[in-house]
Amino acid sequence: MTTAPAPGTGDAPTAFLDVRDLRIHFPTDDGLVKSVDGLSFQLEKGRTLGIVGESGSGKSVTSLGIMGLHTVGQYGRGRARISGEIWLDGKELMGADPDEVRRLRGREMAMIFQDPLSAMHPYFTIGHQITEAYRVHHPDADKKTARKRAVELLDRVGIPQPDRRVDDYPHQFSGGMRQRAMIAMALVNNPELLIADEPTTALDVTVQAQILDLIRDLQKEFGSAVIVITHDLGVVAELADDILVMYGGRCVERGPAEKVFSEPRHPYTWGLLGSMPRIDREQTDRLIPVKGSPPSLINIPSGCAFNPRCPYADVPAGGITRTERPELRLVGGDGAAGGGRHWSACHMAEEERARIWTEEIAPKL
Amino acid sequence: MKDHEGRDGHEDHEGHAMKIPGQHAPSDGPEALLTVEGLVKHFPITKGLLRRQVGAVQAVDGLTFDVRTGETLGVVGESGCGKSTMGRLITRLLEPTGGRVAFQGKDISHLGVAGMRPLRRDIQMIFQDPYSSLNPRHTVGTIVGAPFRLQGIAPEGGVKKEVQRLLELVGLNPEHYNRYPHEFSGGQRQRIGIARALALKPKLVVADEPVSALDVSIQAQVVNLLDDLQDELGLTYVIIAHDLSVIRHVSDRIAVMYLGKLVELTDRTSLYTKPMHPYTKALLSAVPVPDPKRRAKRERILLKGDVPSPISPPSGCRFHTRCWKATDVCKVQEPPLLALEPGHQVACHHPENAPEAAAAGTSGG
Amino acid sequence: MFAYIVRRLFAVIVMLLVVILVTFGIFFAIPKFTGADPALMYIGKQADPAAIEGIREKLGLGKPILEQFWNFVSGIFAGRDYSSANGSVHCPAPCFGYSFKHENPVWPELTSRLPVTLSLAGGACVLWVTGGVLTGVVSALKRGTVWDRTAMTVALGGVSLPIYFTALLSLAVFKYKLGWVGGEYTSFADAPGSWFGGLILPWVTLAFLYAAMYARLTRATMLEVLGEDYIRTARAKGLAEPVVIGKHAMRSTMTPILTVLGMDLGALVGGAILTETAFSLPGLGQAAVAAINERDLPMILGVTLITASAVVFANLVVDLLYAVIDPRVRLS
């Protein structure tokens, strides 16, 4: 049976972004918080990966980890313990010189944050914050060039009268405009990897639709690799080519978006789909929630992290779900059925899961 | 045009151009638990040296609707539409600037604290944030038992027994009577809030964003709980939310608000299958659908810009600045909320999906 | 912005009038209502009735309270004559009262002492802001380390040790034992060197107390600011850490520090009573102590008014600085 690529082999990467066995742990007074605990995935340029999970699943921690933001500014205690490999465009970032990683930040990899009001400095103008991002990576550019670039990008992301609004402060922008400005700031250096962490969660529905459209258009135009992190399955369905479902700091299912939505092979993914009220169809039945609450990251359940909440935890014989961690395996054995890109981590036999999905879950959704 | 024979007294009318706030008297029959007529709430804004009042946030500006016994009325809209203010007005946490709120036929618009006290038993509210709405220094027993003490009621078998019954009712362990809120997860805290609201066997429960702070899987648990409690206790709900999927799942009838006004009010099926107000249509089309296969096929109406400020709302129809169907009449004349079909009220000069005669009639005015 | 400034100025004027009214009330009106004789308080219990009557007449204590208040306020702007059977004394504007103890108007006495207090407060302020803020920033950045704990322990000591203790200790060590510093207060204009020499010990002593408070405040604020999303954004842009801290974080950290600084400086201008007394500095604080001992009411009134005005004006300056720093204040 094929398993996930062996971690830590040090082999040259095959993908544009190659994350291998990423672990990010935070020591706290209560114990070690294992926010990310062995995560691997690949992403090519021009494609969008959606990372889905609930609060505490480790999805945001992962994005900050790729950006190398857990290691800067953490001088004292509580510093994150990070291991694994992150290959970006052939360069390994984890072992690289911090200053080299800093120079990649904002230039080769950029980030859009959830709440654009708190993510922008209230005391500096929008223009100042964008030109600052430009000039730090273009030390030779004078203020005029940088300003021109800022206006150009504000125009591109759809801010009306950009040459006037460039001198406004964040609080003078509306929520949607601020998120556009935030996107302009992230794109000012034409990054090849763009990470959007809950980019539309703080926005109203109609504005969310505008921003999702903008992100999709910009990706086509810039051809970058995009990671969208969200709790909203609707948002990933809109944007993502591939989906990675996280639970308790690990990946439980990953694959092409259509496969994950139409033939999910992990009980947690079923739970997410069943929990979600649908806008697109009349539902008379009750929702099918996942029982219990997400696990504590200090005390991740042994075996499969999902086992205390899983209705099928007793299906595999011998209580293996409570003792042994399931590895990610290709769906369809040789992977042919899943197009060779659909992975899931569950102890249940695959035929059994396929049967449960088609007979028990799908009809109720 | 042909007169519609409405199911309810207030929906039948001679001539469709009946003005809801003026001529119409909502039915105070057995069906209407809560009647709202021309409800207005303006928050004054002061400015300048002498702090003169220079304007007002027109949070709620003329709402007329009723809530029928046993139903769930969903209220949906984007930020700034006044839906939360509306919730606080009908529970009389705020005093209206104008208009009338009647509960079981009794005018409660301007009742004082003492006058409201007996009604507090019948009208309860559930809040969004399960973290800040529970006093961290009180045990769950104290929190859930507080309504008994405030109202001076001694339940049969004592407060403790009753509180434990309530905890069990909302799916919490009655033995956790002596625990503090921080020992519970977000979903459990929301259950505590619900138990508190149900303590005095209310008739009407107003829930303001009851699940928006919760994770998807927990959201479903709480939605189901609200459902079950309604069946079991015969509750009437007003559920305020921005999430159209949740609203679709929980509501019997739905009111759509935009900038302090009701733009559409109808039953769930008609609203989602043939919305008449362009805003409703745009809102529905903007919601991301969790189905990647439909990504390419769906037509989406992208609204321009953000919601205007409720301080100086646009003239005429408040939606005209963002509406693709707007004509000159929309800029000057405010469309009245009319029942274009039985039980389907819309405030628009150019409604979608409308019966021909009705549409022609209104746009002519 | 203009309306903001005008409103603040207006508030300052109202505030000062209230301060004068309340101070005046406490010193003149309340004793009258309570039956205590202000004239008697002036001159002491042993005085003969004739002298008491003389004081009463000079101060116009027989007149209605409102008239007394009006005389006092108008005296500030126009000067005032205190007349009695024994002749009259003129108190030129601004007249904040006339001390019959020392036979001189209060205002010149106050202004002659002001430079001493200003020198003390100003010099100490430079020291404590530099020291306190730097310590606080470094502590915040090195949270939980030995440096942080040491600095915060020292700061805790600084906050808790009373100034008369540190003052006397430093005097004993550096002046009497080691003889490094010393000398009386000399004005800066006369001899900058000995001005500095005479003030260095008071500066350090006073600054130690304040630096400790500022270090704790800075550390707490900085830690909070470092947790802000916009700091993460600044790092995500690829800015070097010194820029992130020095520009983005410091700008926000300074806001609460400025607020406290304005209040502290305002209060200090009224006299650092303990420091001035301990180091025998002829400043306002020392004058206040002397006036209290001598029951020199007009002098006490004068010092109180100066302190209150300084606090009110310092607040005005802080408010205006706020508007400069924070565009949300400026533009709304």
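Biologist: Leaving aside neighbours within four places in sequence, which residues is V236(A) in contact with?

Modeller: In this predicted model, V236(A) is in contact with G50(A), V52(A), V228(A), T230(A), I243(A) and A257(A), once its neighbours within four places in sequence are set aside.

Biologist: Which residues touch the most other members of the largest nonpolar core?

Modeller: As a general idea, nonpolar side chains tend to be buried together in soluble globular proteins. Here the largest nonpolar core has 266 residues, and A184(A) and V236(A) are the ones that touch the most other members. The largest share of this core, 18 residues, is supplied by helix α8 (residues 192–226) of chain C.

Biologist: How should I read the packing of α6(A) and α7(A), and at what angle do they pack?

Modeller: Two packed helices are described by the angle between their axes together with the distance between those axes. For α6(A) and α7(A) the angle is about 15°, with the axes 10 Å apart. Angles under 35 degrees count as roughly parallel, and α6(A) and α7(A) are therefore roughly parallel to each other. Their crossing is right-handed, and the residues of this contact divide into 7 nonpolar, 4 polar and 1 charged.

Biologist: How many residues do chain A and chain B each give to their contact?

Modeller: Chain A gives 40 residues and chain B gives 36 residues. On the side of chain A that touches chain B, the largest share, 8 residues, comes from α7(A), and by class that side has 17 nonpolar, 13 polar and 10 charged residues.

Note on methods:
Residues are numbered from 1 along each chain as its sequence is written. Chains are lettered from A and ligands numbered from 1 in the order in which they are written. This is a predicted model: local features need pLDDT of at least 70, side-chain atom pairs count only at pLDDT 80 or more; totals for chains, interfaces and linings use all residues. A nonpolar core is a set of buried Ala, Val, Leu, Ile, Met, Phe, Trp, Tyr and Cys residues joined through C-beta atoms within 7 Å. A residue is buried if 20 or more other C-beta atoms lie within 10 Å of its own, exposed if 12 or fewer, and partly exposed in between; C-beta atoms are placed from the backbone. Helices (H or I, at least four residues) and strands (E, at least two) are DSSP runs, numbered from the N terminus. Two residues are in contact if their C-beta atoms, placed from the backbone, lie within 7 Å. Ala, Val, Leu, Ile, Met, Phe, Trp, Tyr, Cys and Pro count as nonpolar, Asp, Glu, Lys and Arg as charged, and the others, Gly among them, as polar. Axes are lines fitted to C-alpha atoms, for helices over the stretch in contact, and angles run from 0 to 180 degrees between N-to-C directions. Angles under 35 degrees count as roughly parallel, over 145 as roughly antiparallel, 65 to 115 as roughly perpendicular and the rest as oblique. A crossing is left-handed if the near helix is turned anticlockwise from the far one by less than a right angle, and right-handed if clockwise.
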